[in-house]
Amino acid sequence: MRHSLSPLRCLLALALVLGGLLPGAAQAQRAVRADTLYTMTGDGPIVDGVVLIEGSTIAEVGPAAEVDVPSGATVHEATVATPGLIDPRGTVGVSGLDNVPADQDQLDTSAPIQPALRAIDAYNPQEELVSFVRRLGITTVHTGHAPGALVSGQTATFSTTGRTVSESLRDSVTTVAFTLGPDAQARFESPGTRAKGVAMLRQALLDARAAMEGEGPTTDLGHAALQRVLRGEVPALITAHRAHDIQAALRLQEEFGFDLILDGAAEAYLVTDEIAEAGVPVILHPTMARPSGTTQNAAFTTAAVLHEAGVPVAIQSGWEPYVPKTRIVLYEAAIAVANGLPRRAALASITSTPAQILGHDGIGTLAPGQTADLALFDGDPFEYTTHVCTVLSGGQVVSDECK
């Protein structure tokens, strides 16, 4: 028996198709038009450039004269447009804006070695600090456990958009975070010295490797996390500020063969050749970090020195013990420009370079097929008087206030 659709049902079906709710329907289209468009793909900026967006991804990028913008597309205009900014190392969403114990989950001090801890289990996508950085153009945060323990846990990467962890998640385990030097000694009875700290780390890695060579999968969560590092599945993110702590990190990498990302690295300018020879990238401390303790010899020029030596360098927000708990990477990169880092390298340090260091192929550049994360500015991004006026994440406008 044949059934015919009523006129009302026909109209409803047509509305669903036109609204993009049925398979095969056309996706919503947007276009970003900028006087200067930084794609960060290796080419120079595009003057009078256009990014055409379909749904959550970029469909086309090029000069306005070469990109056909559909008549029905929503058009956003900017003086300068860049990829959405990436904070390559911080604790946003794990530490919160209010600076009270209830929102400070960035470091567990019950034991000095805790690789089983996961940032994904503590991240709060509705934390006000997340929306704060999003309004300033940051669409991705690599966040989690702060420095301060020999092994503080597994970091993760999130979009700054999304109501739930699953909606925000970009990578559940990005690195395992380690710390060398006095910063790993202050909160625990042991280690009491640098040598003891390195010995404890070596023992933990040796134990994990021995367990890996046994029969069957391990049920020890700590061993499982360290084994992923030893197998090269996840890099070791080692915070080391003093030159001799940096050298200790390089020795550990040579001994165990894991992928290493140096974190902080305040005295990297003293061992630049060694870092370059090892082929290790650096997620540098905030340029304006307060010089005290292990960072007392931090320099404004370190990013420029590393870049000149060919070391991949990203600039992080880090973690601050006072409100609002985080720095803004855009401002930190601007100070690096004022101290010798080329402008394009500075923009790369908070877009394409952290994406490469952290292994995220779909973000950090503006190219067809990439996630449509963009920051739109009303002037030069590195000028203090410039504002971020529109932020797009996954093709959707998530902020439209000039901040």
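Q: What makes helix α9 (residues 329-338) count as mostly covered?
A: This is a predicted model, and in it seven of the 10 residues of α9 are buried. To get that label, a residue needs under 20% relative accessible area. The ones that make it are Val-329, Leu-330, Glu-332, Ala-333, Ala-334, Ala-336 and Val-337.

Q: What covers the buried residues of α9?
A: The cover includes strands β5 (85-90), β6 (138-143), β14 (313-315) and β15 (374-377), along with helices α8 (302-308) and α10 (343-348). After α9 comes Gly-340, with a positive phi near 105 degrees.

Q: Why is Cys-389 called buried?
A: Its relative accessibility is 14%, and the cut-off is under 20%, so Cys-389 counts as buried. You'll find Cys-389 in strand β16 (residues 388-393).

Q: Which residues is Cys-389 in contact with, leaving aside neighbours within four places in sequence?
A: Those are Leu-376, Asp-378, Ser-399, Asp-400, Glu-401 and Cys-402.

Q: Why are α4 and α6 called roughly parallel?
A: The axes of α4 (residues 194-212) and α6 (residues 243-256) cross at roughly 20 degrees, coming within 12 Å. Angles under 35 degrees count as roughly parallel, so α4 and α6 get that name. Their crossing is right-handed.

Q: Which residues make the contact of α4 with α6?
A: From α4 it's Arg-194, Val-198, Leu-201, Arg-202, Leu-205, Leu-206 and Arg-209, and from α6 it's His-244, Asp-245, Ala-248, Leu-252, Glu-255 and Phe-256. Sort them by class and you get seven nonpolar, one polar and five charged residues.

Q: Which residues of α4 and α5 meet?
A: On the α4 side they're Ala-204, Leu-205, Asp-207, Ala-208, Arg-209, Ala-211 and Met-212, while α5 brings His-223, Leu-226, Gln-227 and Leu-230. That contact has seven nonpolar, two polar and two charged residues.

Q: How confident is the predictor in this chain, and where is the pLDDT below 50?
A: The mean pLDDT is 93, on a scale from 0 to 100, and 93% of the residues reach 70 or more. Residues 1-25 are where the pLDDT is below 50, and that stretch has eight contacts beyond near neighbours in sequence.

Methods. Residues numbered from 1 in each chain as written. Predicted model: local features only at pLDDT ≥ 70, side-chain atom pairs only at ≥ 80, totals over all residues. Heavy atoms only, no water. Axes fitted to C-alpha atoms, helices over the stretch in contact; angles between N-to-C directions. Helix = DSSP H or I, 4+ residues; strand = E, 2+ residues; numbered from the N terminus. Parallel < 35°, antiparallel > 145°, perpendicular 65-115°, else oblique. Left-handed = near helix turned anticlockwise from the far one by under 90°. Contact = heavy atoms within 4.5 Å. Nonpolar A, V, L, I, M, F, W, Y, C, P; charged D, E, K, R; others polar. Buried < 20%, exposed > 50% of the residue type's maximum accessible area, 1.4 Å probe, protein only.
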